[in-house]
Structure formats: structure tokens, C-alpha cells
Amino acid sequence: MNIFDILKDFNLEGIKTKGKDILDSLKKIQCTGEAGAGFVKVTVDGNFNIVSIDFDVNNELIKQDLIVFKDLIIAAHNSAVEKIREEIQKQIADNFFPGLF
């Protein structure tokens, strides 16, 4: 089979529709990253927006060292973003290249 036969059967509309469906579903994904052994938890959505930040308000670290606390929030956010990226890659691979990865 040559390239022209492959292109003749190429379903661009189907790919567009599937791509839109995948993007819509990715917006609904949420992942939570943690830092400081779970002391700070940040949840992000499929658009990489922070949905929530959770932490133990009674922990002495907040009272004593806000700089470290801010660093933990950033680290937890970065962890959550990495998880979202991995999930997006997985879903795209599963939807466009099933069984390949």
C-alpha cells in the first residue's frame, strides 16, 4: 500500500472530533501533589490551574518559617503539574495510539 492509499482513507473529521472529546475530558482531570511528607497538598486541574491548597493549620512550621512553607506549596504544585502532564500524555496515547505504549 502506498501513501496515497493511506491518505485516501484518512478520516480527518473523526480525528478532529476525537481530539475535541479528549481535550474536553482532560479539563475534568484533577491530580494532587504533595510536599513535606504530605504536609502541603496542592490539587490542579487539566488546565494546570490550582483547584485547592490544603495544609495542617496547626503545624508549627507555618508559625515559625513562612519561607519554607511557601517553598512546600511550590513543590507540591510542581508535583501535581507533573502528574497532570503524565495523565494527559497517557490519555492521548491511549486514545490516538491504543496498544502502542
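In the predicted model, residues 24 or more positions apart account for 50% of the contacts with a separation of 6 or more in the chain. Serine 25 is located in helix H2. With a relative accessibility of 29%, this serine is classed as partly exposed.

The chain comprises four helices and three strands. Read from the N terminus, these elements follow the order α-α-β-β-β-α-α. The chain has 101 residues, of which 25% count as buried. Its accessible surface amounts to about 7200 Å², and carbon and sulfur atoms contribute 57% of that area.

In general, the strands of a sheet pair through backbone hydrogen bonds, in either a parallel or an antiparallel manner. Here, E1 and E2 run antiparallel and are joined by six bridges.

Threonine 43 counts as buried because its relative accessibility is 9%, below the cut-off of 20%. When neighbours within four places in sequence are set aside, the contacts of threonine 43 are Gln30, Cys31, Thr32, Asn49, Ile50, Val51 and Ser52.

Nonpolar side chains tend to be buried together in soluble globular proteins. In the present model, the largest nonpolar core consists of 18 residues, and those with the most contacts inside it are Phe39, Val40, Val42, Val44, Phe69 and Ile84. At least two residues of this core are supplied by each of four elements, namely helix H2 (12-26), strand E1 (30-35), strand E2 (40-45) and helix H4 (66-96). Helix H4 provides the largest share, with eight residues.

Aromatic residues were examined next. A pair of aromatic rings is described by the distance between the centres and the angle between the planes. Two aromatic pairs are present in the structure. In one of them, the ring centres of phenylalanine 55 and phenylalanine 69 lie 4.8 Å apart and the planes meet at 75 degrees, so the arrangement is edge-to-face. Because phenylalanine 55 is in strand E3 and phenylalanine 69 in helix H4, the pair ties together parts that are 14 residues apart in sequence. The two partners fall into separate accessibility classes: phenylalanine 55 is partly exposed, at a relative accessible area of 35%, whereas phenylalanine 69 is buried, at 8%. Phe39, Phe55 and Phe69 together form one aromatic cluster. Two members of this cluster, Phe39 and Phe69, are also among the residues with the most contacts inside the largest nonpolar core.

Technical notes: Residues numbered from 1 in each chain as written. Predicted model: local features only at pLDDT ≥ 70, side-chain atom pairs only at ≥ 80, totals over all residues. Heavy atoms only, no water. Buried < 20%, exposed > 50% of the residue type's maximum accessible area, 1.4 Å probe, protein only. Contact = heavy atoms within 4.5 Å. Areas by Shrake-Rupley, 256 points an atom, 1.4 Å probe, with all protein chains shown as cover. Core = buried A, V, L, I, M, F, W, Y, C linked by side-chain atoms within 4.5 Å. Pairing = 2+ DSSP bridges. Phe/Tyr/Trp six-rings, centres within 6.5 Å; stacked < 30°, edge-to-face > 60°.
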